[in-house]
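Please look first at the sequence and the model, and then I shall take you through a few points.

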Amino acid sequence: MEKFQAGGDPSLPADWAGGFLCPCHGSTFDLAGRVFKNKPAPDNLEVPPHVYLSDSRLLIGEDKNAA
């Protein structure tokens, strides 16, 4: 999965706010991981386990609430 950059790509709309691209099949996702209509991906991206360490820090890959 690669992250799009805002603007600057002729294949994307000028007002593109960014998102994600799956290079295998060309599915595109918004910044929240929701798949765009009429794309091969059947579902949105999964939200990985995570923990908020503070108001400005997020630890991805660990969930202290998991059993």
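**The two cysteines**

The sulfur of Cys22 has its closest cysteine sulfur in Cys24, at 4.3 Å, which is too far for a bond. A disulfide is defined here as a pair of cysteine sulfur atoms within 2.5 Å. Cys24 is likewise in no disulfide, since its nearest cysteine sulfur, that of Cys22, is 4.3 Å away. By this rule the number of disulfides is zero.

Are these cysteines buried or exposed? Cys22 is buried, at a relative accessible area of 17%, whereas Cys24 is exposed, at 63%. For these words, buried means under 20% relative accessible area, exposed means over 50%, and partly exposed lies in between, with a 1.4 Å probe and protein chains only.

Let me state the basis of these values. This is a predicted model, in which local features need pLDDT of at least 70 and side-chain atom pairs count only at pLDDT 80 or more, while totals for chains, interfaces and linings use all residues. Residues are numbered from 1 along each chain as its sequence is written, and side-chain values use heavy atoms, with hydrogens and water left out.

**The chain as a whole**

The protein chain has five strands and zero helices, so that its elements, read from the N terminus, run β-β-β-β-β. Helices (H or I, at least four residues) and strands (E, at least two) are DSSP runs, numbered from the N terminus. The chain has 67 residues, of which 21% count as buried. Accessible areas come from the Shrake-Rupley method with a 1.4 Å probe; for residues, only the protein chains shown count as cover.

**Asp30 and its partner**

Asp30 is placed in the loop between E3 and E4. Which residues does Asp30 contact, leaving aside neighbours within four places in sequence? They are Gly18, Gly19, Phe20 and Phe36. The C-alpha atom of Asp30 is 9.7 Å from that of Leu45, a residue 15 places away along the chain.

Asp30 also forms a salt bridge with Arg34, and the closest N and O atoms are 2.6 Å apart. A salt bridge requires a side-chain nitrogen of Lys or Arg within 4 Å of a carboxyl oxygen of Asp or Glu, and by this rule the count is one. Asp30 is buried, with 16% relative accessible area, while Arg34, at 49%, is partly exposed.

**A loop residue and a surface patch**

Asn38 belongs to the loop that links strand E3 (28-29) and strand E4 (50-52). Its phi is near 60 degrees, a positive value in a residue other than glycine. Asn38 counts as exposed, because its relative accessibility is 79%.

Finally, Tyr52, Leu58 and Ile60 make a nonpolar surface patch of about 370 Å². Patches consist of residues with over 30% relative accessible area and no salt bridge; like charges are joined within 9 Å, and nonpolar side chains (Val, Leu, Ile, Met, Phe, Trp, Tyr) within 5 Å. Of these residues, Leu58 lies in strand E5 (residues 58-60) and is partly exposed, with 45% relative accessibility.

Note on methods. Contact means heavy atoms within 4.5 Å.
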